[in-house]
Amino acid sequence: MILHELLSYETLRVIWWGLLGVLLIGFALTDGFDMGVGALIPFVGKTDIERRVAINTVGPVWEGNQVWFILGGGAIFAAWPPLYAVSFSGFYLAMFVILAAFIVRPVAFKYRSKRDDPRWRTAWDWALFASGAIPALLFGVAVGNVIQGVPFHFTDDLHTIYEGAWYMKFIGLLDPFSILAGVVSLAMLVMHGGAWLTLKAEGVVQTRARAIGSVAALVAVGAYALAGVWMAFGIEGYRIVGDYVTGGPSNPLHFEVEKTATWLTAYADRPWIVLAPVMGIVGGLLTFLGLRAGREVSTLLFSKMAILGVISSVGLTMFPFIMPSSSDPRSSLTVWNSSSSHLTLFIMLVVTAIFMPLILMYTAWVYKVLWGKVTEADVSENSHSVY
Amino acid sequence: MEFGIVELSRLQFAMTAMYHFLFVPLTLGLSIIVAIMETVYVMTNRPIWRQMTKFWGMLFGINFVLGVATGITMEFQFGMNWSYYSHYVGDIFGAPLAIEGLMAFFLEATFVGLFFFGWDKLSKVAHLGVAWLVAIGSNFSALWILIANGWMQNPVGAEFNPQTMRMEMTDFFAVLFNEVAQAKFVHTVSAGYVTASVFVIGVSAWYLLKHRHVELARRSITVAAAFGLASAFSVVLLGDESGYSATHSQKMKLAAIEAMWETHEAPAPFNLIGFPDQEARETHFAIEIPWAMGLIGTRSLTTEIPGINDLVAQAEDRIRSGMIAYDALMHIREMRDAADPVIMATFEEHSADLGFAFLLKKYVDDPRQATEDQIVAASNDTVPTVWPLFWAFRIMVALGFGFIATMAYFFWRSSFRGMNYPRPALWLAVVMIPAPWIAAEMGWFVAEFGRQPWTVDGVLPTAMSVSALSMTEVALTLAGFILFYTVLFIIEMGLMVKYIRKGPFQDVAETDAWVVRHTDRLAGRKNADAIAQPDLQPAE
């Protein structure tokens, strides 16, 4: 294979860094509203039929949405193996909790309405709540930890070793800044779920979703702004020092890294990236206004804009870092030292370039077929075939 | 055997993988059977076929969701519990997993929702298209997963890079067209088709025994028996193909399955049954079929298949060669670009055996310091425990031939005996429902346990692949999985049984009315088609 030399190793790494962002954002935009709706279910629906309406707004699409999550895992494995190895084993117990949520959620969707017993249904409703809210919170907590650096180092063989006792890998994740990041993430996805329900539901479910969603939008914007201020004054950043190559072998130990006062110097180096946080804040505020005004399609688009802005602001600010190490900065994972080989990145890019447009096309078609509101009448008429 | 983090992580992986595979085979096969039924509906426009599609589709859905849910565990567990493995081979192994998501899983998951929710929103043909896309997606999914697994059994198209301390892909098409992966794929999906066929026949047989839903049950048996017969032949033939390819790539696994301690002069006999004794390295009370092993393994009467003792001796040589590679690697790692070209050349020459030097890490931190005793011990470690492999394999094969016989019988009755089945045969079909699951789990056990002590055959030992976790963490998650999976299993079985007992409940009035009309029409015609006549015997 010589074809892969067409694109330099450095270019491919930057493309795959971008695709990592695309996958995370794709996940948040699609599965995000599933999680948000899950977190909202006990509050937007007081009766069984109301809850079923809320569930059935995501009923036909959650399976496809969840694939963004699985594909995210697979793509990190394929394109950034050290990141996959370090993060999944480093956040071991937190990953298990997220995994448990992602196992319970499909089952809850599918099995909830298969028995008439109200206790059975209420139990699954709370399962849907927990499996929506907890991962939404934990994803933010994980990002908060990554921003501050994670205590790990590599041995000469590139085995990963974590500092500290095992329970610190869970309890230790919950520092104040990371909890704030978790609040941003949870509020943002609840906002997104509210925007989705505004579009897909009507009547009392929609009214409640708009009320809760608009509060969540304000919380998300406020917490996000607060986290930005905190990062300016209280969170250390990282930078690569000395000469380094961007197209060399993927070995983290070939780099020298040191801590800096703040990540936000990135905004002086690359002023254009300010676009991302601006999109996040403006999108959040517009979603708030849209929910208040009861606008349906545009509100969902604003909510998407907010999520796009917030997630990309984290990546753009940290570039080229992906996962810095707080205890041994030179073990930090960056775009230049933790990718797959040149050939693998190229092959994966070709496959992605073929299939991603196809996926977007047929997903769009499915959403088009399912376009329109889910009503209480729909649910009771098709009681056997819907959730 | 001491019980440490490696054993605990293996136990968790084995448990979650085997649990996942309780749901996968039914998904693979039932997706196609349902799509076939819907095809007949679209072609004939007979409501009974739509009812069948919806009924089996409902059971498919209950099963599918747990397959999806437990599959996430598999995708994430490599990083969580096997982080050195993920680092060491992620460059190759990650690619098929990601492609699976892009090409297959997105397809099946996106359309499965539309399958259940789209009956009123789509035209008949469009809905049929959706059903087939779900089936195709599910089966492609298996292809990519088995390409990943096939690479662990036969790691082609990759080489070690001393700069990054990992294996890197050199030839994607070699990984893709790996003969082990291709044979495994067809073998595995065929096993799924057999599983679904046995399931459909078993459930339908139960309805016939109870004189319920007779129209649905007879038609379902007809579809499943034809599909199942072809699949049962395929599963055995491709199992044989796997054995043939194992002769080249996994000699130790083959020898262990066969409990063949000494190299036998060609053509080797096949041990039908016997009692393997690992300590003494012999098999007691063996009943042999002359020539059979040689024919299966080499398809010749003159090629020898090496026995375990000879393979251990070869492993010892490779360990010594691997120690040279390891020594050179240490130099290269220290000097990076300034490494001595002579040492680089030495490394190139021996790098294929590097993994064998890693086997010594169990005994000594630096493989270069290994004593003679440790080298011998490590070479003995390359022999997996023989007796479970020997028996698991034989149970699987016996069941495989049993499926051919059962399917052939039901196919004959459905095609040439007017879909009348004697009650004992129906009872047998009900009792056989768990059999394909047992065969499938045995098959995976042979494939994975037989690869030990390696995660990637000859490249990376299992003991080196684990994450640096504490026993407490893994014990916690293992307990969590056991608790969690047990509850889900009970719920799943409860719903399956409930919906099977309930029977088809959609489109009932329309279907029943059609059955009456159809029966009348057939009765009015000369030489009425017996196949379409409902069983009018009153219930006992």
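Guide: Let us begin with pairing, for which one definition is needed: two strands count as paired if DSSP finds at least two bridges between them. The model before us is predicted, and in it strand β1 (residues 158-161) of chain B and β2(B) pair in the antiparallel sense over four bridges.

Visitor: Which residue in β2(B) is the bridge partner of Phe160(B)?

Guide: The partner of Phe160(B) in that strand is Met167(B). The two strands form a hairpin with four residues between them, and in the turn Met165(B) has a positive phi of about 55 degrees.

Visitor: Which way do the residues of β2(B) point?

Guide: In a regular strand the side chains alternate between the two faces of the sheet. Here Arg166(B) and Glu168(B) point one way from β2(B), while Met167(B) and Met169(B) point the other way, and all of them are buried.

Visitor: How should I describe a pair of packed helices?

Guide: Two packed helices are described by the angle between their axes and the distance between the axes. For helix α2 (residues 47-81) of chain B and helix α3 (residues 83-117) of chain B, the axes come within 11 Å and cross at roughly 160 degrees. Since angles over 145 degrees count as roughly antiparallel, that makes α2(B) roughly antiparallel to α3(B). The crossing in which α2(B) passes α3(B) is left-handed, and the residues of their contact divide into nine nonpolar, five polar and one charged.

Visitor: At what angle do helix α12 (residues 342-369) of chain A and α3(B) pack?

Guide: They pack at an angle of about 10 degrees, with their axes 10 Å apart, and are therefore roughly parallel to each other. Among the residues that make the contact are Ile347(A), Val351(A) and Phe355(A) of α12(A), together with Ala95(B), Leu102(B) and Phe106(B) of α3(B). The residues of this contact divide into 15 nonpolar, four polar and one charged.

Visitor: How many residues of chain B are in contact with chain A?

Guide: There are 64 residues of chain B in contact with 62 residues of chain A. The largest share of the chain B side, 24 residues, comes from α3(B), and that side as a whole divides into 35 nonpolar, 22 polar and seven charged residues.

Visitor: Is Leu158(A), with its phi near 70 degrees, buried or partly exposed?

Guide: With 19 C-beta neighbours inside 10 Å, Leu158(A) counts as partly exposed; its phi is a positive value in a residue other than glycine. Ala259(B), although not a glycine, has a positive phi of about 50 degrees, and with 25 C-beta neighbours inside 10 Å this alanine counts as buried.

Key: Residues numbered from 1 in each chain as written. Chains lettered and ligands numbered in written order. Predicted model: local features only at pLDDT ≥ 70, side-chain atom pairs only at ≥ 80, totals over all residues. Axes fitted to C-alpha atoms, helices over the stretch in contact; angles between N-to-C directions. Parallel < 35°, antiparallel > 145°, perpendicular 65-115°, else oblique. Left-handed = near helix turned anticlockwise from the far one by under 90°. Nonpolar A, V, L, I, M, F, W, Y, C, P; charged D, E, K, R; others polar. Contact = placed C-beta atoms within 7 Å. Buried ≥ 20, exposed ≤ 12 C-beta atoms within 10 Å, placed from the backbone.
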